[in-house]
Amino acid sequence: MHNAVISGTGLYTPPHSISNDELVAAFNAYVGQYNAEHAAAIEAGQMQALAESSAAFIEKASGIQSRYVMDKTGILDPARMKPRLPERSNDEPSILCEMAVNAARQALQRAGREPGDVDAVIVACSNLQRPYPAIAIEVQQALGIQGFAFDMNVACSSATFGIQAAANAVQLGQARAVLVVSPEICTGHLNFRDRDSHFIFGDAATAVLVERDSLAHGEHRLEILGTKLLTQFSNNIRNNFGFLNRAAEEGEGQPDKLFVQEGRKVFREVCPMVADLIAQHLAELQVPVEQVQRFWLHQANLSMNQLIAKKLLGRDAEPQEAPVILDRYANTSSAGSVIALHLNHEDLPAGALGVLSSFGAGYSIGCVVLRKA
Ligand SMILES: CC(C)(COP(=O)(O)OP(=O)(O)OC[C@H]1O[C@@H](n2cnc3c(N)ncnc32)[C@H](O)[C@@H]1OP(=O)(O)O)[C@@H](O)C(=O)NCCC(=O)NCCS
């Protein structure tokens, strides 16, 4: 058995950002048009008027101030309210591949590695733009990597589940190094006409190079001390989009073919599960929680992260102990906890311990305990 390390991380941030005020202005313009169009029916009590959204609510309820997106114009057009990402020919790289390659190149560079040093690519994300050929194989080809590649999806926990798969392959000697890439265009499955959730998501891509310890020489290596995963079925975060939709015409275009959630229930049910899993994992590794200097948590909701950290530490976490990136990035699904890691680990001293943890639909929870080399 070999030891596995994270020897480099990478981040691709899309070129456009949307503030809460901009998003709410577009939403409220849509509401105004909708209510004017249906004024008679609303007046007669046959229809309900739509309520406006509020930037103050969004920041208070979630901690989100803005989000990066692959297309701003389409999302903010009250007549459209979804990104416009034109189809590409089969000879061009797909948009997910392009984002993934950007993040992957940075991870390789930080690890001081060339594509020839890597034996496998895992694209681990919530939404894959086609069933086949795998995006991972396209990324593999674009980077010039020999070996094998596959896609996997465990919603917001895709990256940590991917890191476990990569660590296993490295530990068993099946690969010297594995790239785990998480390109997320969450705005593609977000219902921008739904007041309860229109503010939740943003787009980004991350990459993590998992490498055999004895070969790695990246400057900021993080030893993987252990990984622990948990899933438990829940309908509280769900998306029914899929290849059988065309066989059930009655459901086509319905709201359940986009992201839907029971946010309150998710909050209540997932926080204790995450705190318990992390505590259990640390106990198994005989790491006292007080020795953990950093928690890179999934980035969905600020209060959720504060609550999880408090459950673990028995006190409020200091800002640097549980870094927040959702204020600028919003929820980027599987990329979120890795963005927090990417932007907040180089200052840690050798020997410092950290926990990377994701949580989301499934439910799915992932925990990776890391030690700065
Ligand atoms: C989504 C989330 C931010 C909503 O916050 P919340 O405090 O639970 O808010 P609720 O949905 O209960 O709504 C509270 C009130 O605000 C109102 N509201 C909802 N959206 C609003 C908006 N955009 N603008 C203004 N008011 C809004 C609701 O109508 C409700 O009003 P009421 O009390 O008069 O009924 C929060 O539940 C959350 O983040 N949950 C965890 C979700 C998560 O992590 N999901 C993982 C996804 S992968």
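Biologist: What should I know about the model before we start?
Modeller: It is predicted, so local features need pLDDT of at least 70 and side-chain atom pairs count only at pLDDT 80 or more, while totals for chains, interfaces and linings use all residues. Residues are numbered from 1 along each chain as its sequence is written, and side-chain values use heavy atoms, with hydrogens and water left out.

Biologist: OK, how many residues surround the ligand, and which are the closest?
Modeller: The ligand is surrounded by 17 residues, where a residue counts if one of its heavy atoms lies within 4 Å; the closest are S53, R195, Q261, R264 and N301.

Biologist: Which atoms of the ligand face S53, R195 and R264?
Modeller: For S53, an N or O atom of the side chain is 2.9 Å from a nitrogen atom of the ligand. For R195, a backbone N or O atom lies 2.9 Å from a ligand nitrogen, and for R264 a side-chain N or O atom is 2.9 Å from a ligand oxygen. On its own the ligand has 980 Å² of accessible area (Shrake-Rupley method, 1.4 Å probe), of which the protein covers 72%.

Biologist: And which helix gives the most to that shell?
Modeller: That is α8, with three residues; α3 (55-62) and α8 (263-284) each supply at least two, helices here being DSSP runs of H or I with at least four residues, and strands runs of E with at least two.

Biologist: Switching to the sheet, what is the strand order?
Modeller: Nine strands form an open sheet with mixed pairing, in the order β5-β4-β6-β7-β1-β8-β13-β12-β11, and two strands pair if DSSP finds at least two bridges between them. β5 (148-152) and β11 (292-297) stand at the edges with a single partner strand each, so one side of each has no neighbour in the sheet. Neighbouring strands are turned by 25° against each other on average, direction ignored.

Biologist: How do β12 and β13 run, and how many bridges join them?
Modeller: They run antiparallel, and eight bridges join β12 (residues 353-360) to β13 (residues 364-372); one of the pairs is G354 with L370 in β13.

Biologist: Where are the cis peptide bonds?
Modeller: One joins Y132 and P133, with omega about -5°, and P133 has its place in the loop between β4 (120-124) and α6 (135-143). Another joins G362 and Y363, with omega about -10°, and Y363 lies in the loop between β12 and β13.

Biologist: What about phi of Q286?
Modeller: Phi of Q286 is near 55°, a positive value in a residue other than glycine, and Q286 is found in the loop between α8 and β11. Most residues other than glycine have a negative phi, and most peptide bonds are trans.

How values were computed: Polar contact = N/O pair within 3.5 Å; in protein donor to acceptor, adjacent residues only side chain to side chain. Axes fitted to C-alpha atoms, helices over the stretch in contact; angles between N-to-C directions.
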